[in-house]
Amino acid sequence: MPADPLDSAPPGAPSPPEPRPGHGPVEVRRSTRRRRTVSAYRDAGRTVVLIPARMSAADEERWVARMLDRLAAQESRRTPVDGELARRAARLSEQYLEGRARPASVRWVTNQHTRWGSCTPAEGSIRLSHRLQGMPEYVLDYVLLHELAHLLVPGHGSAFWRLLETYPRTERARGFLEGVASAGRLPQARPPGDG
């Protein structure tokens with residue numbers, strides 16, 4: 001009996017994203033131009049794995065698992081844990097806010113898709129979007145300092161911005177974040193070498 005045409009994709013077509021425990025959806029793209037190399041990257045909450053078109057299903061499974069492990073290892077080396085965020089916040093408060101901003105908690109969250117960070121002054125809690133993970137340190141420091149300043153001044157008035165004037169990379173970090181936000185609104189381009 002022939003295979004159901006709806007269940008198969010033409011050769012070289014990307015496979016639909018497949019959820020993987022702890023990794024989110026994974027999309028495997030086969031390329032006839034790719035001979036031996038395998039690569040992977042994160043894109044909009046999913047992982048894309050690029051493999052040679054001739055790779056067997058067993059090799060594909062093995063390589064996908066290997067690439068997910070590699071990406072997770074790279075991200076864990078780049079991502080401070082919550083305890084490190086609290087120490088970083090304390091250092092930034094001392095250096096730029098005379099130690100006056102003392103958060104009760106500082107943590108990463110995955111539910112902030114339109115903001116880089118948030119602060120609840122009444123609780124003393126600061127939450128940073130997981131989207132900051134892997135960005136340059138001066139950008140992370142700026143967002144953290146921005147939220148620390150909200151512990152002292154709730155709004156975005158002139159008193160608030162005067163607190164941030166002490167951080168020398170404020171404008172550069174804001175420009176970086178604006179660029180990331182703008183790029184997120186552009187149509188998704190195919191990565192170079194994908195075929």
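## Where α3 meets α5

Tyr 138, Val 139, Tyr 142 and Val 143 of α3 are in contact with Thr 170, Arg 172, Ala 173, Arg 174, Phe 176 and Leu 177 of α5. Contact here means heavy atoms within 4.5 Å. By class, the residues of this contact are seven nonpolar, one polar and two charged. Ala, Val, Leu, Ile, Met, Phe, Trp, Tyr, Cys and Pro count as nonpolar; Asp, Glu, Lys and Arg count as charged; the others, Gly among them, count as polar.

The model is predicted: local features need pLDDT of at least 70, side-chain atom pairs count only at pLDDT 80 or more, and totals for chains, interfaces and linings use all residues. Residues are numbered from 1 along each chain as its sequence is written, and side-chain values use heavy atoms, with hydrogens and water left out.

The axes of α3 and α5 come within 9 Å and cross at roughly 100°. Axes are lines fitted to C-alpha atoms, for helices over the stretch in contact, and angles run from 0 to 180 degrees between N-to-C directions. The two helices, α3 and α5, are therefore roughly perpendicular. Angles of 65 to 115 degrees count as roughly perpendicular, under 35 as roughly parallel, over 145 as roughly antiparallel and the rest as oblique.

Arg 172 also lies over the face of Tyr 138, 4.6 Å from the ring centre. A charge sits over a ring if NZ of Lys or CZ of Arg is within 6 Å of the ring centre and within 35 degrees of the ring normal.

## The chain as a whole

The protein chain has five helices and seven strands. Along the sequence, the pattern reads β-β-β-β-α-α-β-β-β-α-α-α. Helices (H or I, at least four residues) and strands (E, at least two) are DSSP runs, numbered from the N terminus.

Of the 195 residues in the protein chain, 37% are buried. Buried means under 20% relative accessible area, exposed over 50% and partly exposed in between, with a 1.4 Å probe and protein chains only. Among contacts with a separation of 6 or more, 44% join residues 24 or more positions apart.

## Where α2 meets α3

Helix α3 (residues 137-152) also packs against α2: their axes come within 9 Å and cross at roughly 70°. So α2 and α3 are roughly perpendicular as well.

From α2, the contact takes in Leu 85, Arg 88, Ala 89, Arg 91, Leu 92, Ser 93, Tyr 96 and Leu 97. From α3 come Glu 137, Leu 140, Asp 141, Leu 144, Leu 145, Leu 148, Ala 149 and Leu 152. The residues of this contact divide into eleven nonpolar, one polar and four charged.

Leu 148 is found in α3. Its relative accessible area is 0%, so Leu 148 is buried. Leaving aside residues up to four places away in sequence, Leu 148 touches Ala 89, Leu 92, Ser 93, Leu 97, Ala 101, Pro 103 and Ile 126. Leu 148 and Val 106 are 42 residues apart in sequence, with 9.7 Å between their C-alpha atoms.

## Aromatic rings

The structure holds three aromatic pairs. Rings of Phe, Tyr and Trp (its six-membered ring) pair if their centres lie within 6.5 Å; planes under 30 degrees apart count as stacked, over 60 as edge-to-face and the rest as tilted. Tyr 96 and Tyr 167 have ring centres 5.2 Å apart and planes at 85°, so this pair is edge-to-face. The pair links distant parts of the chain, 71 residues apart. Tyr 96 is in helix α2 (residues 82-97), while Tyr 167 is in the loop between α4 (158-164) and α5 (170-184). Both tyrosines, Tyr 96 and Tyr 167, are buried.

Phe 160 and Trp 161 also form an edge-to-face pair, at 5.0 Å centre to centre and 85° between the planes. Phe 160 is buried, at 0% relative accessible area. Trp 161 is partly exposed, at 26%. Elsewhere, the charged end of Arg 66 sits over the ring of Trp 63, 4.4 Å from its centre.

## Loop residues

Glu 98 is in the loop between α2 and β5 (105-109). Glu 98 is not a glycine, yet has a positive phi of about 55°. Most residues other than glycine have a negative phi. Glu 98 is exposed, with a relative accessible area of 67%.

Gln 133 is in the loop between β7 (125-129) and α3. At 31% relative accessibility, Gln 133 is partly exposed.
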